Amino acid sequence: MTRVFSGIQPTGEPHIGNYFGAMRNYVRLGEQHGENAIYCIVDLHAPTNPHAYDPATLSRLTFDMALANMAVGLDPGKVIFFVQSQVREHSELGWIFTLTTPVGELERMTQYKDKASRLESTPAGLLMYPVLQAADILLYKADTVPVGEDQVQHIELTREIARRFNHSYGDTFPEPKAVLEQGALRVPGVDGHGKMGKSKGESSTIGLLESVGSIWAKLRPAPTDPARVRRTDPGNPEICLVGDYHRLFSDDQTVLEIWDGCRTAGIGCIDCKKRLMVGIERELTPIQARAEALRATPDAVLGGLHHGAERARTIAAPVMDEVRSKMGFLGASAGR
Ligand code: TYM
């Protein structure tokens, strides 16, 4: 039996990197595996980001992230979809894994190094973040984890953590595998500076619920192949972020035409971007319409999440009992 788990931070509105890199896979795997597909908004992870310290902001961003996932097709009646802090076992298993995870391994995590280097004082939670992530996954004994490329190192650490626990206490956890969306491993930022990411600010991201006008304002000045100085200079769509986006949003015929037009200078960069906008509108308009409808029924969103947390607890509680009992905590086999 396959069990899928993935988590997403409550950053409010997801960007198209989240969407193509992960969220579409959540929906696809959810359709295949029903209640064995478990998705979580990881709000306990979020306060390691300065923007989420404010309590009102955290709950708004959590709600908005839930709404956006439902708008792309995640159905809380079919999969298990919930908010991490509503299932206490995540924190408990996270703590247990900190007991045996070497600090040196955590200090080697690329995301930690990147984030910590930008902070004056590093919260311990930022270092421990991947341990809680391992607990998120292993609490459900999940073996399949749909993520973008930036999470692969954390999934490898999760495998290590599972191996270490199994070695000490007997076979308990599977060693989960990352599932990557091949065409969208690392969606680039619209500002042309590396991966699209919220932590780099709004200028890097195209929001899933962003208006067409606002997307165009970012796309129009976006850098293209630097070889195309003049309109008549041929370019290489393989090294152009607009080419990358065409592959995500445009149909095969359009991609062929764009590739040919760019290489022969038959199409200019602005026209290429206008063609891209057609694909963007086609993809995002129905999602935005569903998001608007869901916003009018907030109780349905919250109800779906509460139902998801109840379902998640029924899986998490016995796994936690098993862990306590295997580790020898007094009275553990009596449950709680
Ligand atoms: P987060 O919230 O940063 O991102 C959510 C998902 O989106 C993917 N992603 C991208 N994919 C392609 N291109 C991009 N530019 C891009 N930006 C983001 C991420 O890889 C991720 O899959 N640590 C996780 C959350 C987490 C988690 C978990 C994931 C917590 N516990 C357990 C899986 C399993 C994170 O910060 O994702």
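This is a predicted model: local features need pLDDT of at least 70, side-chain atom pairs count only at pLDDT 80 or more; totals for chains, interfaces and linings use all residues.
Which helices each supply at least two residues of the lining of the largest cavity? Residues are numbered from 1 along each chain as its sequence is written, and side-chain values use heavy atoms, with hydrogens and water left out.

The protein chain is assigned domain 1 (4–186 + 298–334) and domain 2 (210–292), with bounds that come from an automatic or database domain assignment. Taken over C-alpha atoms, the centres of domain 1 and domain 2 are separated by 34 Å. Their contact (heavy atoms within 4.5 Å) takes ten residues from domain 1 and eight residues from domain 2.

On a 1 Å grid over the protein atoms alone, a cavity is a set of points where a 1.4 Å probe fits but cannot get out, and a pocket is an open set with protein on both sides within 12 Å along at least five of seven lines; lining residues have an atom within 4 Å of a point. Grid points are joined across faces, edges and corners, and a volume is the space filled by probe spheres set on the points.

The largest pocket holds about 1,300 Å³ of space. Its lining is made up of 50 residues, and Gln111, Lys115, Asp150, Gln151 and Lys195 lie nearest its centre. Two or more residues of this lining come from each of strand 1 (4–8), helix 1 (16–33), helix 5 (110–117), helix 6 (124–138), strand 4 (144–146) and helix 7 (152–169). Such helices (H or I, at least four residues) and strands (E, at least two) are DSSP runs, numbered from the N terminus. The lining of the largest pocket has 18 nonpolar, 21 polar and eleven charged residues; here Ala, Val, Leu, Ile, Met, Phe, Trp, Tyr, Cys and Pro count as nonpolar, Asp, Glu, Lys and Arg as charged, and the others, Gly among them, as polar.

The second largest pocket has about 300 Å³ of space. Of the 17 residues that line this pocket, Gly183, Arg186, Val187, Pro188 and Asp244 are the closest to its centre. Because domain 1 and domain 2 both give residues to its lining, the second largest pocket lies between them.

The structure also holds two cavities of 30 Å³ or more. The largest cavity has a volume of about 90 Å³, and among its 13 lining residues Arg228, Cys240, Cys262, Cys269 and Cys272 lie nearest the centre. The opening question is answered by helix 9 (241–249), helix 10 (252–263) and helix 11, each of which supplies at least two residues of this lining. Eight nonpolar, three polar and two charged residues make up the lining of the largest cavity.

The second largest cavity, of about 70 Å³, is lined by Met109, Gln111, Tyr112, Lys115, Leu126, Tyr129, Pro130 and His154. Helix 5 and helix 6 are the elements that give two or more residues to this lining.

Helix 11 (residues 269–295) also packs with helix 8 (residues 212–219), at an angle of about 150° and with their axes 11 Å apart. Axes are lines fitted to C-alpha atoms, for helices over the stretch in contact, and angles run from 0 to 180 degrees between N-to-C directions. Val212, Ile215, Trp216 and Leu219 in helix 8 meet residues of helix 11 that include Ile270, Leu276 and Met277.
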